[in-house]
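Colleague: I am new to this structure. Please take me through its core and its sheet.

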Amino acid sequence: MAKVLVVGSGAREHALCRQLLLSPQVDKVFCAPGNAGMSEPNLETVKINELEFDQLVGFAEKNQIDLTIVGPELPLQKGIVDRFNVAGQNIFGPTKMAAALEGSKTFAKEVMQKAEVPTARYESYTDEITAIKAVENVTYPIVIKANGLAAGKGVVIAEDYATASTTIHNMLGNHQFGTDSIIVEEFLQGQEFSLMAFVNDEQIIPMPLSQDHKAAFDNDRGPNTGGMGAYSPLRQFPENLTQIGIEKIIQPIVHALKQDGIPFCGVLYAGLILTTDGPKVIEFNVRLGDPETVVVLPQLQSDLYELLQGLLHHEKVVPTWQTDQTYLGVVISSESYPQSSGSGVSLIPFESLPRDINVDYSGVKRQDGMLVSNGGRVLCLTTAAPDVQQAQDRIYSWLNQQQLDGLRYRHDIGNKGK
């Protein structure tokens, strides 16, 4: 029987642990550091920070871990996979060099250009005055992105010059998100969606398409967050869209990286937009999306542990996915998120959910024996139903009956899929 280590602490990792425990080959899953809401049988949290690589490797060696999977972006950018590889430990995720596809917007654009992958026209800037002058006479709206990791928050759609110049000053003048460079892109029209795929070298296994909701408030208003909810699959899109995305975007990127001596192993996440000219890339991530994971992974009908081990050993893997249900997830966040995080709000209602609603915890802790909020995104509720409307009805009819002082959620997750 196998033991698995999942690195991370959010709802994505909770969903990942839950899926791994469905495997008849897995008898124990550890999550480092995990969170206080992870209470499933055979799931154990480990008090090791996701950036403490030596301690994580030591834990894997001591406990004879058969497979380690990395959830969040930061340890990947810092080289956790390289460290595990040196120690001879089995790990699924991209190396530090491959992770630059998410960590550096300019590197991603350069790879896309080499691979001839469709994306928005862009210019990169490191000087505030030059960048502000460059946006004086452009057609608005434009998109301004911090070059680096910003937990999904470093993207601003500027509708006018005043917003653009303020954003540029914040990013380049005040180094918001710790960035020293930005990208200014054309604004693309269309519906956004996420295409995630399990990858090892040239073997690519696509997951069902999903749609994240980045804006803080209903009707896509307010600042960008790490994600306020998601649903999957996307029945409003053409059936061949996944295949188009694999052939025109994922495969060329993997091939271009390999040509540069950077083989890719892990999850490649393409944030796409369906324009009148077909899908174009908005961004790449090199790990499972959060919250997309909570609505995508439960659709896997095959064994996730078997799938990942097969990929790592270069075996042919052909998984099966459900096709009858729509999975919908609504994130419950602190009232002040994303401007600030909250703490100490009682989460009692979420400990006695209806049987057809699942919870994956994120920013939570135990206080006086009770589960309370401890972060910006607190948890994600998920359900499955024959269509989006029925899934919405199920979650929102329950949520709308609850008194959730200090917490909030979007009321329109999935609306674009109806």
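Colleague: Which residues touch the most other members of the largest nonpolar core?

Modeller: This is a predicted model, where local features need pLDDT of at least 70 and side-chain atom pairs count only at pLDDT 80 or more, while totals for chains, interfaces and linings use all residues. Numbering runs from 1 along each chain as its sequence is written, and side-chain values use heavy atoms, without hydrogens and water. A nonpolar core joins buried (under 20% relative accessible area, 1.4 Å probe, protein chains only) Ala, Val, Leu, Ile, Met, Phe, Trp, Tyr and Cys residues through side-chain atoms within 4.5 Å. Of the 77 residues in the largest one, those touching the most other members are I80, I253, F350, L381 and L399.

Colleague: Which helix gives the most to this core?

Modeller: Helices are DSSP runs of H or I with at least four residues, numbered from the N terminus. With 8 residues, the helix that gives the most is helix 9 (residues 241–259).

Colleague: What is the strand order of the open sheet of 4 strands?

Modeller: Strands are DSSP runs of E, at least two residues long, and two strands pair if DSSP finds at least two bridges between them. Strand 6 (122–125) and strand 8 (155–158) are the edges, each pairing on one side only. The pairing is antiparallel and the order is 6-9-7-8.

Technical notes:
Buried means under 20% relative accessible area, exposed over 50%, partly exposed in between (1.4 Å probe, protein chains only).
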